[in-house]
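Open the model in your viewer and keep the selection panel at hand.

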Amino acid sequence: MNKIGRNPFAYALFTIPTLLLFVIFFLYPMIMSLRYGFTEWNGVSPARFNGLDNFVTAVQDKYFWMAVRNNLYFIGFSVGLQIPFILGLALLVSKVRRWTSFYKTMIFLPTVLSTAVVGVLWGFIYHPQAGLLNQALEAVGLMTWQHVWLAEEATAMLSVLVTNAWQWIGFYVVLVLSAIYAIPKNILEAAELDGATSLREAWSITLPLLRPVIMVMILLSITGAMKALDIVFVMTGGNPYGITEVMATYLYKKAYRIGEYGYANGIAVLILLLTGMLTSLFGWFTRKQEEVRF
Amino acid sequence: MKEIRYRRVFLHAVLMLYIGIILFPLLWVLNSSFKTNKEIIASPWSLPEQLSFSNYWNAWTGAHVGHYFTNSLVISVISAVATLLLGTATAYALTRMEFPRLSKFLKRILMLALLVPAGSLLVPLYMLLRSMYVYNTPLALILPYVTMGLPLTVFIFSAFLKSIPSELEEAGIMDGLSIYGLLWRVILPITIPSLVTVFMLNFLNNWNEFMMANLFLTKEKFRTLPVSMVAFYDQLNMNYGSLCAAIMFSVIPVMLIYFILQNRIIESIKS
């Protein structure tokens, strides 16, 4: 690509608008957030630097810890329950010969829907009177199992987690499926020749080979859980009594209460910090394991 | 042999059950969208007594869903077009032009955006948009949407560009095309399918976006569909049938695009 690829004017023309948007609407707000995390600021009068005060407040804030706990629930639910389920489902799809693309399409479907609409739709499913869930329980005579799902302490968080799982499982199934299809056929054929059953084959050959994609899933689950925001915002708004609050919804609440912009940005900094900590802890942990293995 | 057949039937049965879990809520809402409020409460499982589109009409006009639908459409399309224009040009510069250091740096910045949770930027972005006097105008969504859509666009388009042999461009240069001519006449025509995919992905993301739409554009006149849906749901004296119809208005365009592009959308997550 001789001279023509070295046209600085064209290069500038092609990249500067993108760069500009990035600096203005991404880098600048990010830096602002980091900066105001160390101030007391009501969003109107000048910000006053207050060192680590916001973080001290956060550590002593009961509701902040509840939010942290709920983010951890998100991680626990997706790593502990969703990932095994996803692996099982993907293995099943990989075993069928017919309608594979039909299954893939259908399983992936909820992922393309808007979280707001998924939240409203499931909010309606959980509705105490008109909702599908309570009406189904009534139809089979399990009236005592009925709940005001999103308003009771015991069921609210779980209801949100189930909805979130319903929306996102398909994405991961497709991810795992492509990893399964990438496994060389002859490895599996050799196992079959040796008389391995499907279960045995899945357990001792496919799953170990899926290690990298499982790691990716765990990593995405952690970052995804820390990002959790709109599903909670739409379904419960953190209610009842902050039982379903996550860090991002708490940040939002603080931000839009005049006088607490500084604290809100402090929480934003903590979210970034915690996400970084959890992902690097996970990275460290897997590397340790790797060392033990080899 | 018989055992294998049983196993297959079992496999399909399990998968069908899961697909039932996926589809049932959607079909239930579709079914309810044709029923009256009374029917929904009294006989939740039955098919509608008559196929009436009155809920759809009520939602579209009475609840102004048509208005919000148009807002969403306009904002999503404008943002997706702008993302495509900027993204393809940038991707071209980063992969085909010879400024390796700068290109590397730009790619890093774009990568960063994929890692930082958008939620933590909401507040400073809100302050910024206010101070720029674009808060509560359509630009308050278009500018962030374009910015958020760029990384994916640049990455997908860069991957496509790498698969195009450079002989094509060399032939173009022989024909005396400038760099703009190359991009416009040689590269874009052969990448139209990927452009369509990227456009649709960005459109879907913008169409589905909720938090920013909810915070940066509170004027009812400009409100987008997902925001109106939540507002609608929050009203206690709601009309269930119309709510279901409104949900369908938001779901149907997404479904259409998804079923047209399913393979490409599913492929794209691998990268």
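**Stop 1: the interface**

Select chain A and chain B together: across their interface, eleven residue pairs are in polar contact, both residues at pLDDT 80 or more. A polar contact here is a pair of N or O atoms within 3.5 Å; within protein, one must be able to donate a hydrogen and the other to accept it, and residues adjacent in sequence count only if both atoms are side-chain atoms. Now show helix α1 (residues 8-36) of chain A, which gives the most to the side of chain A that touches chain B, with 21 residues. Helices (H or I, at least four residues) are DSSP runs, numbered from the N terminus.

This is a predicted model: local features need pLDDT of at least 70, side-chain atom pairs count only at pLDDT 80 or more, and totals for chains, interfaces and linings use all residues. Residues are numbered from 1 along each chain as its sequence is written, chains are lettered from A and ligands numbered from 1 in the order in which they are written, and side-chain values use heavy atoms, with hydrogens and water left out.

Chain A brings 86 residues and chain B brings 93 residues. About 8,600 Å² is buried between the two chains, and carbon and sulfur atoms give 81% of that area. Buried area is the accessible area (1.4 Å probe) that two parts lose on being put together, summed over both. Salt bridges between chain A and chain B: zero.

**Stop 2: charged pairs**

Over all chains, the structure holds five salt bridges. The rule asks for a side-chain nitrogen of Lys or Arg within 4 Å of a carboxyl oxygen of Asp or Glu.

Pick Arg96(B) and Glu169(B): their closest N and O atoms are 2.8 Å apart in a salt bridge. Arg96(B) lies in helix α4 of chain B and Glu169(B) in helix α8 (residues 167-174) of chain B, so the pair ties together parts 73 residues apart in sequence. Glu169(B) is buried at 0% relative accessible area. Buried means under 20%, exposed over 50%, partly exposed in between (1.4 Å probe, protein chains only).

Go to Arg48(A) and Glu40(A), a salt bridge with closest N and O atoms 2.6 Å apart. Arg48(A) is partly exposed at 49% relative accessibility.

**Stop 3: a nonpolar patch**

Finish on Val81(B), in helix α4 (residues 65-96) of chain B. Val81(B) belongs to a nonpolar surface patch that also includes Leu73(B) and Leu85(B).

How values were computed: Patch = residues over 30% accessible without salt bridge, like charges linked within 9 Å, V, L, I, M, F, W, Y side chains within 5 Å. Areas by Shrake-Rupley, 256 points an atom, 1.4 Å probe, with all protein chains shown as cover. Helix = DSSP H or I, 4+ residues; strand = E, 2+ residues; numbered from the N terminus. Contact = heavy atoms within 4.5 Å.
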